[in-house]
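Student: Please show me how to read some local features of a model. I would like the general idea, then the case.

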Amino acid sequence: MSHYISRNDVRVEKVEDLYADIAGTYRSTATTSASGVPNCIESDLATLERDGYLVIEGLLSPQACQDIAATVDPLLGPVGRNVFEGLHTQRAYSLLTKTRICDTLVQHPRVLALLDRLLMPNYLLSQLQAIRIGPEETAQFLHFDDGMYPVPRPRPSLSAATIWAITDFTADNGATVVIPGSHHWGDDRKPTDTDEHVSVVMPAGSVVFFVGTLWHGGGANHTADQSRLGVTAQYCEPWLRPQEAFTLSTPPATVRTVSEDIRRMLGYSIHPPFMGMVDGMHPKRILEIR
């Protein structure tokens, strides 16, 4: 039987058609930066399904890593306020308001191609920060990024994350630790010492992409004089609250300067039929009046 919604003398066969009909000037924004990605998406997705994470090397040049490090270093704040942030770890939050140099990481075509397959259209940027793990830092306790959303496991991931190696990630200087396959676990299972713990060792210019249900954590830095610098961009479904309130932290003047992909991920988009509206209208209207 066909389900339809009647509005006056207009018959809409599907709810999706009604959603499309609601939009006027600003319709759903498709990803633009994922075009031209090498034909490896299926193998990438297969690796993510099996392990929960994927390492891709050689996406950033040595010069790009040097430029990012030089720009981000002065932005890093004091060491963390608790053991999760890291008592020997510095972070720089709200990078979008402070520099444009990390935009290419947020919207890298290889990353967006994966997100387009894993998350619903108009997915959001949940967090963007730089992290420098300093010498003698202890291991961060293992966690999964979806843990903030009270939805029982096992289940599909509600988010995904990238950690870009701006300097080399080694087993000694704090490379991220993951538990392969843990994204399939239910709520009744927690990491133990007998589980396989893998240090994501990768050269500068690489990225590790993992789903939000994967158990992971920052590794311990066993060195006396080496630090590990990374940039993490995290993403979530368009109907979830992101970790960082970008619509508050990012001034409209900055929003106008970023790409359409990033603007959409900041929340200047609609999850059908009208989630994310401002005064009954598409949030892009704010950019017209401010």
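**Patch, crossing and backbone**

Tutor: Val83, Phe84, Leu87 and Phe141 form a nonpolar surface patch, with about 380 Å² of accessible area together. Areas are Shrake-Rupley values with a 1.4 Å probe, and for residues only the protein chains shown count as cover. This is a predicted model: local features need pLDDT of at least 70, side-chain atom pairs pLDDT 80 or more, while totals for chains, interfaces and linings use all residues. Residues are numbered from 1 along each chain as its sequence is written, and side-chain values use heavy atoms, without hydrogens and water.

Student: Where does Leu87 lie?

Tutor: Leu87 is in the loop between α3 (62–72) and β4 (89–92). Helices (H or I, at least four residues) and strands (E, at least two) are DSSP runs, numbered from the N terminus.

Student: Which residues of α2 and α5 meet?

Tutor: Contact means heavy atoms within 4.5 Å. Ile41, Glu42, Asp44, Leu45 and Leu48 in α2 meet Arg110, Ala113, Leu114, Arg117 and Leu118 in α5.

Student: Is Asn122 buried or exposed?

Tutor: Buried means under 20% relative accessible area, exposed over 50%, partly exposed in between (1.4 Å probe, protein chains only). Asn122 has 4% relative accessibility, so Asn122 counts as buried. Its phi is near 70°, positive in a residue other than glycine. Asn122 lies in the loop between α5 and β5.

Student: What is the peptide bond from Arg153 to Pro154?

Tutor: That bond is cis, with omega near 0°. Pro154 sits in the loop between β5 (124–133) and β6 (159–165). A cis peptide bond also joins Pro272 and Pro273, with omega about 5°.

Terms used
Patches are made of residues with over 30% relative accessible area and no salt bridge: like charges are joined within 9 Å, nonpolar side chains (Val, Leu, Ile, Met, Phe, Trp, Tyr) within 5 Å. A salt bridge is a side-chain nitrogen of Lys or Arg within 4 Å of a carboxyl oxygen of Asp or Glu.
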